[in-house]
Number of protein chains: 2
Amino acid sequence: MNDQNAIGIDLGGTNFRLGVVSHTGEISQRFVSEVGKKKTPDDIVKLLTKHVTEIKNKTPNLKGIGVGIPGIVDAETGVVHSSPHYPEWSNVKFKELFEGAFGMPVSLDNDANMVALGEGWLGAGKDMKNFVLLTLGTGIGGGIYCDGKIWHGDHGFAGEVGHILIDFNGPHCNCGSRGCLEMYASATGLKKLIEDSGDKNKERFLELVGDNLEKVTPAFLYDRAKEGDIFASVIWKKFGSYLGAGLASIVNTLGITNIIIGGGVSRAWDFFIRDTEKEFKRRIYKRTSSLVKIHKTALGDDAGIIGAARVVLKTN
Amino acid sequence: MNDQNAIGIDLGGTNFRLGVVSHTGEISQRFVSEVGKKKTPDDIVKLLTKHVTEIKNKTPNLKGIGVGIPGIVDAETGVVHSSPHYPEWSNVKFKELFEGAFGMPVSLDNDANMVALGEGWLGAGKDMKNFVLLTLGTGIGGGIYCDGKIWHGDHGFAGEVGHILIDFNGPHCNCGSRGCLEMYASATGLKKLIEDSGDKNKERFLELVGDNLEKVTPAFLYDRAKEGDIFASVIWKKFGSYLGAGLASIVNTLGITNIIIGGGVSRAWDFFIRDTEKEFKRRIYKRTSSLVKIHKTALGDDAGIIGAARVVLKTN
């Protein structure tokens, strides 16, 4: 049993990543490609089946396939209830569809949960009993890792920490609420922070992108901060403060004292983390704050593949 | 083993409650009394020992004693780190102190956790696998009940849901933060809501208490609402909305879909619950909201005693 492999798939809104993962967590046959414009469940199944079939034909001891999917996923039933990147999906029985097409056992979970499983196995969380993972991207993903497993709650949607409240009257969020953490501490949030800023350097900054806010990606804002742009730094600091306030709510609720942060937007770590820690400390009992540690993810973009494969490899 | 009894103690800031609980959850020898002015750990131990000794002398098959204490309690080590009602307490080894004085095994936990255990055993949660319990009083207590046990997190303080953020720039809270749920949906919160209200009926309402806001207890506000006072109703509705927003953050994080609400302030249930549900639904994914149920506690003031005894009775 001990030299088995699994395929891990990390499905994003734009790209998907796929790899063969050994029982020790090594990745071979790594693929990264675009999802493309066809995005119905059948399109996705067809797209992934092509790659899976190729791998199956040349890989021995393949135990199964794990797939991380952005959205509200019921890991137990294998149903994807909804996905922010695939708005037309509704209650799609992906486990059933995938197993039919792949001819192998398939485990499904939310993408951030898969990242948490990867980090818990071989990454920043490998020596932690419990941790909360946040992925900062277009939105915010979350995973609650307890004792080697993901805490799913009653119907699979636990860990939706991007929708923790920051401001009762804040900007409207896709989830239907207002002032969610995701409206501040994500790529979407960065744009809102710029939009709402009254900073005197804003105008000069916007000239850099011809007054087109859509051009301000997190990477662009990160590069400007590195170059010493004051406005970019101010925005990252605000981003950091709001993130810290959100973490305080999460820690007060869960009582978990290790937090792991990843996702593309977290690359600007050095420009926001001090304000995150400062705001966090301000917003939580002193004793609690002294126990909490905030960590970076360690596995980078591979975490989702590794975690998805892990689900398959660790089952008996 | 099956006809054992335990003593359950529910220590509040003003009163304490104490009872002998049978293995089926029946309470005999119930005491309710004031804590009094002497509030050092030694005073509390002396006070409770008097009652415990009396009971010990006349109660057969006494297995041990469970004590619920308001504040940050480490149930594993039996240390009370801090308590909002006993500000001078700091890292008090209450389990050790009690066991020395009582001459029996003692189990300690946060008071709201004990209420959750009671409700989970014989109350509103008796058929639920998981639930979140909130006690609305001077502040807000919280307990996370998973599969018959309390989720304590890494260091015992999980479930501090009164300190979930409602408004980044809201009123200052004792915990050091601002805009915590407790600043809106508790007795403390009710006063703030009245203070900050711009409602045209406020002045007339305040005349009822000679402009002394300190006289506005939750019971007073409840009675006025029952009499049809418009301003009192408006305040309860606001209270309800903020509670609903807080519950959305809690449910998004924990993914637990049964919520049980108790505590003295919840007696005004009929005047706030509709707004709680409305605001909650507005602030959470539709599918999630359709799964969530909000319940009242069922055991009233006895829940804390019953839960505290339960901890003792169920251990082998």
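Reply: A polar contact is a pair of N or O atoms within 3.5 Å; within protein, one must be able to donate a hydrogen and the other to accept it, and residues adjacent in sequence count only if both atoms are side-chain atoms. By this rule, 30 residue pairs are in polar contact between chain A and chain B, both residues being at pLDDT 80 or more. The model is predicted, so local features need pLDDT of at least 70 and side-chain atom pairs count only at pLDDT 80 or more, whereas totals for chains, interfaces and linings use all residues. Residues are numbered from 1 along each chain as its sequence is written, and side-chain values use heavy atoms, with hydrogens and water left out.

Me: How many salt bridges does the rule find across the interface of chain A and chain B?

Reply: The rule requires a side-chain nitrogen of Lys or Arg within 4 Å of a carboxyl oxygen of Asp or Glu; across this interface it finds 0.

Me: What makes F94(B), F98(B) and F102(B) buried, and why are they placed on the same side of α2(B)?

Reply: Buried means under 20% relative accessible area, exposed over 50%, and partly exposed in between (1.4 Å probe, protein chains only). These three residues of helix α2 (residues 94–102) of chain B are classed as buried. They cover an arc of only 45 degrees around the axis, taken from the directions from the helix axis to the C-beta atoms, and are therefore on the same side of α2(B).

Me: Which residues on the other side of α2(B) are exposed?

Reply: E96(B) and G100(B) are exposed there.

Definitions and conventions
Chains lettered and ligands numbered in written order. Helix = DSSP H or I, 4+ residues; strand = E, 2+ residues; numbered from the N terminus.
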